[in-house]
Amino acid sequence: MSFKIYNTMSRSPEELVPLKDNHVRMYTCGPTVYNYAHIGNYRAYMFEDLLRRWLKYKGFKVTQVQNLTDVDDKTIRGSRESGLPLRDYTQKYKDAFFEDLKTLNIEPAEFYPAATDCIPEMIAIIEKLFTKGRAYKSDDGSVYFPIDKFPEYGKLARLDREGMRSGARVAQDEYDKENAADFALWKGYDEADGDVVWDSPWGKGRPGWHIECSAMSMKYLGETFDLHTGGVDNIFPHHEDEIAQSEGANGCLYSKYWMHCAHLQVDGKKMSKSLGNFYTLREILEKGFTGREIRYELIGTHYRQSLNFTFASLNANRAALARLDEFYAKVKDAAGNETSAGELPSWAGELEKRFAEALDDDLNIAGGLGALFDGVHEGNKAFPMNSKTALAVSNLWKKLDSVLGFLMPPAAEVPAELIQMAEARVAAKKAKNFAEADRLRDAITAAGWTVQDTPTGPKLKKV
RNA sequence: GGCGCGAUGGCCGAGAGGUUAGGCACGGGUCUGCAAAACCUGCUAGAGCGGUUCAAUUCCGCUUCGCGCCUCCA
């Protein structure tokens, strides 16, 4: 079945058909490494993770590029304030970013180019734009893109170009530009940049923001590629400007499809430091939530709908995940050491089908999860389950987890002495020595664990 | 002001022009030395006002409310 996505360019659903063979080449806007990324950032990366995982599930080959913006106003300011060279300063946050991706079980992209490693490629594009009359130099050594020279400017954001000229905010210090809406390809050297400086045919300076994405996508994906994604806030100006630069320089289509995810809110409000509802991933982990629970929260709302992040729903997720874990544990238990899988039971086949139909419809994750939980409900009724059937179900679970990334329960690391106590308690119960059994339960509780009796023996869970 | 998105049961959140979404919470039951968990089961909503239709929560219009972008925020 075909995979339909909502293309921001056409503002309508379209079937995703790669330009070449079965290979989807996608560019996903990545973090600016001036600080720890916040959960709003990870909402976007989570959407991209679901997208790439679904593409792979569908049998597409995927090449994903995600950039690391390691030179801009914020990184320069941070490095100056910390007294560290830019490279050392940003390295800390690059490392943190990759740690966070692991915590959230986000699959790595194929390429993570850093802006500072691609300066020559950026300069090459700007030179090309000069030869086409689509770049000009201003008095302060900056280079701008004249939007008047690109008639299609505004096609992604659907801008009213006439309205742009008279309206909106215009910074007062931009008198060097021919048109207030022109954007910087290259920024002339300013003393505030310290030693963050590169040589270029137009003199010393540093790249503008948008040019890095044009350069990196071209380097790894070619002049035209399939899919470009990011947060809605990137539609304008960032992606609009990328289109102008890339198509203006190369004379061919930049990206065939565009997908944008909505923002995340916290407690119904825009995340901001002044409201005190601004969270990095690390801060939420410190409150005792796991990466898996946060993954479930971030992935569970359709990407084009704003996601309201609350600790109440994070707690609800814990219960929902426990229900899934309980079911999967029963399935694995029933499968035992079975090595030959039987037929997938009809309820499981139905689950698989409905799940796929939902995800094929512009990544309708809520529909997919509905199918999953319906499957759990039917599956629970199907017990006791023979080992061949159970193995087939278990295999399906692994397949679905290749998309969801939260179905596999974390391995419990129970201290050995607690296991001994739990076993001693079983013995005490058998001997009807309930006083001793209760004493052991209390001791286990005191150690911060709970013990639950199940048909397959006692289970220890951390409180 | 311009462009765009949304409003569903206690909370979160889907699809479909007529037939159960789902999750959490809550009530009932099964199981159980106790307890917990688990499982089964119940809970039938769709901002307001008009319109189209045999039929609308679903399509159209208006209103109200919320949110986003409008030159370097995912």
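The structure is a predicted model. Chain A contains 15 helices and 15 strands, and its C-alpha trace extends over about 90 × 50 × 35 Å along the principal axes. The domain assignment divides chain A into domain 1 (4-261), domain 2 (306-404) and domain 3 (416-462).

**Overall layout**

- Of the 463 residues that make up chain A, 39% count as buried.
- When contacts in chain A between residues at least 6 apart in sequence are considered, 75% of them join residues that are at least 24 apart.
- The centres of domain 2 and domain 3, taken over C-alpha atoms, are separated by 30 Å.

**The largest nonpolar core**

- The largest nonpolar core comprises 106 residues, and those with the most contacts inside it are Tyr-42, Met-46, Leu-50, Ile-126, Phe-145, Leu-185 and Val-331.
- Helix H1 (residues 39-57) is the element that gives the most to this core, supplying 10 residues.
- At least three residues of this core come from each of domain 1 (4-261) and domain 2 (306-404).
- Met-46, which is among the residues with the most contacts inside the core, touches Leu-104, Ile-106, Arg-295, Leu-298 and Ile-299 when residues up to four places away in sequence are not counted.

**Packing of helix H4 with helix H7**

- Two packed helices are described by the angle between their axes and the distance between the axes.
- For helix H4 (residues 119-131) and helix H7 (residues 235-250), the packing angle is about 65° and the axes lie 9 Å apart, while the crossing in which H4 passes H7 is left-handed.
- On the side of H4 the contact is made by Ile-125, Lys-128 and Leu-129, and on the side of H7 by Gln-245, Gly-248 and Ala-249.
- By residue class, this contact of H4 with H7 divides into 3 nonpolar, 2 polar and 1 charged.

**Cis peptide bonds**

- Most residues other than glycine have a negative phi, and most peptide bonds are trans.
- The peptide bond from Phe-236 to Pro-237 is cis, with omega near 5°, and Pro-237 has its place in helix H7.
- A cis peptide bond also runs from Phe-383 to Pro-384, with omega near 0°, and Pro-384 is located in the loop between helix H12 (365-381) and helix H13 (387-404).

**Positive phi values outside glycine**

- Asp-21, a residue other than glycine, has a positive phi, near 45°, and its place is in the loop between strand E2 (12-15) and strand E3 (23-28).
- Asp-21 counts as exposed because 8 other C-beta atoms lie within 10 Å, the limit for that class being 12 or fewer.
- Asn-105, likewise a residue other than glycine, has a positive phi near 60°, and Asn-105 lies in the loop between helix H3 (86-103) and H4.

Methods:
Residues numbered from 1 in each chain as written. Chains lettered and ligands numbered in written order. Predicted model: local features only at pLDDT ≥ 70, side-chain atom pairs only at ≥ 80, totals over all residues. Core = buried A, V, L, I, M, F, W, Y, C linked by C-beta atoms within 7 Å. Buried ≥ 20, exposed ≤ 12 C-beta atoms within 10 Å, placed from the backbone. Helix = DSSP H or I, 4+ residues; strand = E, 2+ residues; numbered from the N terminus. Domains from an automatic or database assignment. Contact = placed C-beta atoms within 7 Å. Axes fitted to C-alpha atoms, helices over the stretch in contact; angles between N-to-C directions. Left-handed = near helix turned anticlockwise from the far one by under 90°. Nonpolar A, V, L, I, M, F, W, Y, C, P; charged D, E, K, R; others polar.
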